[in-house]
Structure formats: structure tokens, C-alpha cells
Amino acid sequence: MLSKFAGAAEDFNEDEALLLDPNHPKEIADAISKAANMPLEERVKRWRSMMDKIE
């Protein structure tokens, strides 16, 4: 999960990070729920894509 307002949000798209507005509790709750219920395969795919950019 990443704030839409964080500088890093410019580097990651919605297929990588779960972007949210930290000023909206429903967006935070939805992102937590999505992250908690995300299949392992999707988590690994997102993580790998972000790590490739960072590395």
C-alpha cells in the first residue's frame, strides 16, 4: 500500500502498488482488505515488478 501523494507513487502503477488516499479511511480499509486477501501469486508478481524498478 502506498499513498498517492508519496513521491514513489509516480514510479509505481496500480498493477504494482495499492495506491490510496491516506485522507480517506474507506480507501485505506479497502486497500488493507485487498492486500490481506490477495492471492500469493499476485503478491509475488506485484513485488517482483516493484523490485525490478528499485534494483
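The protein exposes about 4200 Å², with 56% of it supplied by carbon and sulfur atoms; areas come from the Shrake-Rupley method with a 1.4 Å probe.

Notes on the source: I am working from a predicted model, where local features need pLDDT of at least 70, side-chain atom pairs count only at pLDDT 80 or more, and totals for chains, interfaces and linings use all residues. Residues are numbered from 1 along each chain as its sequence is written, and side-chain values use heavy atoms, with hydrogens and water left out.

Fold. I find two helices and two strands, in the order β-β-α-α from the N terminus (DSSP runs: H or I of at least four residues for helices, E of at least two for strands). The radius of gyration is 11 Å, close to the 10 Å of the globule rule for 55 residues, so the protein is as compact as a globular protein of that length (taken over C-alpha atoms; the rule is 2.2 Å times the number of residues to the power 0.38). The C-alpha trace spans about 30 × 25 × 10 Å along its principal axes.

Interior. I note that 24% of the 55 residues count as buried (under 20% relative accessible area, 1.4 Å probe, protein chains only). Leu2, Ala9, Phe12, Ala17 and Met50 form the largest nonpolar core (buried Ala, Val, Leu, Ile, Met, Phe, Trp, Tyr and Cys residues joined through side-chain atoms within 4.5 Å). Leaving out residues up to four places away in sequence, Leu2 touches Ala8, Ala9, Phe12, Ala17, Leu18, Leu19 and Leu20 (contact: heavy atoms within 4.5 Å).

Methods. Buried means under 20% relative accessible area, exposed over 50%, partly exposed in between (1.4 Å probe, protein chains only).
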